[in-house]
Amino acid sequence: MSFPEESSDRFSAAGRTRRGPGLRLRLTMLATALVAGVSALSLWLGWLLVGDVVAAVPRMPEGTTVRLDGATVSADDVGVALRNHARSQVLSVGAVAFISVVIAAAVLSWSVCGRVLRPLNEVTGTARRLTARSLGSRIELDGPRDEVAELADTFDGMLDRLQTAFESQHRFVANASHELRTPLSVIRTELDVTLSDPRADAGEMRRMAEVVREAAAKSERLVESLLLLARTEGSELPGRERVDLTEIAGNALKSIDAEVTAAELRVGIGHAPAVAMGDSALLERVAGNLLENSVRHNVPGGWIEVDTGVSGRWAFLTVSSSGSQVDAERVENLFEPFRRAGAERTSRAGAGLGLSVVRAAAAAHGGQVRAEPVVGGGLTVTVWVPATGA
């Protein structure tokens, strides 16, 4: 697949395409325009004030003349001449000051904006360098804890979540490929061996068909579990209804009664009422997965205990069973796809998706799931989902 490279190319192209002036230029232009506006207003007010002050010069006797800038001016025109002269001086000096202030504001704004926006450039640069194989890059911005630093920290947190999701996806795809390859290899081997044997009779063909059917059924169960996990993981329930966990657990036990009898397992089930609000199909799958695991990973002559009830605003379903010894440090890993109690992908019974589906279904209900090893061997798994009225 070329998804990472294509995404990177599209992202780089998007980063190189500008829709208009950059933020630094726009902030510089805005600051310069504000300074220019304030300076122009100050210059205009100074021009008015000087004209009004000079216009208040006392009047001279009629017929008097004065010399102003080398020119003779009559007494009646002295006020007007002084006002025009003062205003021209204000304009000439003010224009130089205006231009100097605007240029200084533009240079200072450009420099300050560049310094302030530098962390944003680091965010952009980090984002442009990222691909599915280089999600380990982080900004780790130092300096004052302002809005820009908060943005950088948020970006780093997003990268942490993306990296976790990508690693989980890659691991999931690799494990799924391994699990699907096994039954397909069995089917191909049986077909090749049987078809290459010219003496194969109807009995051999029937034996081959049974092996192929079993491998195909395993593949079908795996695909169904993968689809259920994909639909459930990270999603929310579209609707909720009243679901009796005790009834669901009883029905799940009936469906595996033949396996329980064959393994000579002792079964105990509680009858405390436990009505939850959720999706009945998902909760049926949760109970089915827990009980199937309790039989599949049990020991001959072992035991299974099922308990239901309500604690506070939570309804719970607990399935305990005997079985092989499970290390407490590895219990949490059992909820990862294709992990099994006592082995990772060595057991041929099941696909190792049961507890992954249980955890995803519990999360979709807004609940949680916890597993604990049983002293002497075995596992206890408890699922909490919202009860009615919660």
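**Fold and packing in the predicted model**

The chain exposes about 23,700 Å², of which carbon and sulfur atoms supply 57%. The model is predicted. Nine helices and nine strands are assigned in the chain. Of its 390 residues, 34% are buried. When contacts between residues at least 6 apart in sequence are considered, 71% join residues that are at least 24 apart.

Ile304 has Ser321 in S7 as its bridge partner.

Ala371 has Val381 in S9 as its bridge partner. Five residues lie between the strands in the hairpin of S8 and S9, and in this hairpin Gly376 takes a positive phi near 95°.

Two packed helices are described by the angle between their axes and the distance between the axes. For helix H8 (residues 280-296) and helix H9 (residues 354-364), the angle is about 150° and the axes are 9 Å apart. The crossing in which H8 passes H9 is left-handed. On the H8 side, the contact is made by Leu282, Arg285, Val286, Asn289, Leu290 and Asn293, which meet Gly354, Leu355, Val357, Val358 and Ala361 in H9. Sorted by class, the residues of this contact are seven nonpolar, three polar and one charged.

Helix H9 is largely enclosed by the rest of the structure, because nine of its eleven residues are buried. The buried residues are Gly354, Leu355, Ser356, Val357, Val358, Ala360, Ala361, Ala362 and Ala364. Ser356, a residue of helix H9, has a relative accessibility of 4% and therefore counts as buried, the cut-off being under 20%. The C-alpha atoms of Ser356 and Asn289 are 9.8 Å apart in space, while the two residues are 67 apart in sequence. Just after H9, Gly366 takes a positive phi of about 80°.

A positive phi also occurs in a residue other than glycine: the value for Glu264 is near 55°. Glu264 belongs to the loop between helix H7 (257-262) and S4. With a relative accessibility of 61%, Glu264 counts as exposed, since the cut-off for that class is over 50%.

Ser39 is located in helix H2 (residues 23-55). The relative accessible area of Ser39 is 17%, so this residue is buried. Apart from neighbours within four places in sequence, the contacts of Ser39 are with Phe98 and Val101. Val90 is placed in helix H3 (residues 78-129). Residues up to four places away in sequence not being counted, Val90 touches Leu43, Gly46, Trp47, Val50 and Ala95. One of these residues, Trp47, is 43 residues from Val90 in sequence, with a C-alpha to C-alpha separation of 6.2 Å.

Conventions
Residues are numbered from 1 along each chain as its sequence is written. This is a predicted model: local features need pLDDT of at least 70, side-chain atom pairs count only at pLDDT 80 or more; totals for chains, interfaces and linings use all residues. Side-chain values use heavy atoms; hydrogens and water are left out. Axes are lines fitted to C-alpha atoms, for helices over the stretch in contact, and angles run from 0 to 180 degrees between N-to-C directions. Helices (H or I, at least four residues) and strands (E, at least two) are DSSP runs, numbered from the N terminus. A crossing is left-handed if the near helix is turned anticlockwise from the far one by less than a right angle, and right-handed if clockwise. Contact means heavy atoms within 4.5 Å. Ala, Val, Leu, Ile, Met, Phe, Trp, Tyr, Cys and Pro count as nonpolar, Asp, Glu, Lys and Arg as charged, and the others, Gly among them, as polar. Two strands pair if DSSP finds at least two bridges between them. Buried means under 20% relative accessible area, exposed over 50%, partly exposed in between (1.4 Å probe, protein chains only). Accessible areas come from the Shrake-Rupley method with a 1.4 Å probe; for residues, only the protein chains shown count as cover.
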